[in-house]
Amino acid sequence: MLSEQVYTRLREAIMRGEHAPGAALKPQDLAREQGVSLAVVRVVGDGLADRLPNRGFAVPAWEARVRAAHHRPSRTPPFESDKGEHLSGAWSEAHRVFHPTLLDGCGNPVLLETFDRMWTASELARDADAAAEALTRHLTPTAAAQTDES
């Protein structure tokens, strides 16, 4: 499908850094560059870029989201004074939000889903060794495959 091809080309251009974070992505320019109609570019833009009111789209500012997500746990007391050494609910939630925001810049849905599953499992079991082992099992074949390709 044409919209999927345009989406793929635009996504690759963004991931290669051909469009800087915060850079304006004007539908008219993208349509001309891609050799497609303006309607296709608008469909492509949904979810891939941030909409700028009356100005088209912009590359999402991932760094700004990371800074904002980091600000919250860094400004939240990690422990509640009356509960001793147990992490506060507010800090735990801020910490939980920070990590996927940090990883979100990778654009890899498989990694993000794996992280989410591991985070949930670690919160339930609190077994750091098992989490590290699961992560190693998941990442080792990918690292080996990339080494083989080199």
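**Figure 1. Contacts across the sequence.** Take the contacts in the protein chain that join residues at least 6 apart in sequence: 49% of them link residues at least 24 apart. Keep in mind that this is a predicted model. Buried residues account for 23% of the 150 residues in the protein chain.

**Figure 2. The whole chain and its elements.** Count along the protein chain and you get seven helices and three strands. Starting at the N terminus, they come in the order α-β-α-α-β-β-α-α-α-α. The C-alpha trace stretches about 60 × 45 × 25 Å along its principal axes. For 150 residues, a compact globule would have a radius of gyration near 15 Å, yet the protein chain comes out at 20 Å.

**Figure 3. Helices α4 and α5 side by side.** Here we zoom in on α4, residues 62–74, and α5, residues 89–103. Their axes come within 8 Å and cross at roughly 160°. Angles over 145 degrees count as roughly antiparallel, so that is what α4 and α5 are to each other. The crossing of α4 past α5 is left-handed.

**Figure 4. Who touches whom between α4 and α5.** On the α4 side, look for W62, R65, V66, A69, H70, R72 and P73. Facing them in α5 are A90, W91, E93, A94, H95, V97, F98, T101 and L102. Sort the residues of this contact by class and you find 10 nonpolar, three polar and three charged ones.

How values were computed
Residues numbered from 1 in each chain as written. Predicted model: local features only at pLDDT ≥ 70, side-chain atom pairs only at ≥ 80, totals over all residues. Heavy atoms only, no water. Axes fitted to C-alpha atoms, helices over the stretch in contact; angles between N-to-C directions. Helix = DSSP H or I, 4+ residues; strand = E, 2+ residues; numbered from the N terminus. Parallel < 35°, antiparallel > 145°, perpendicular 65-115°, else oblique. Left-handed = near helix turned anticlockwise from the far one by under 90°. Contact = heavy atoms within 4.5 Å. Nonpolar A, V, L, I, M, F, W, Y, C, P; charged D, E, K, R; others polar. Rg over C-alpha atoms; globule rule 2.2 N^0.38 Å. Buried < 20%, exposed > 50% of the residue type's maximum accessible area, 1.4 Å probe, protein only.
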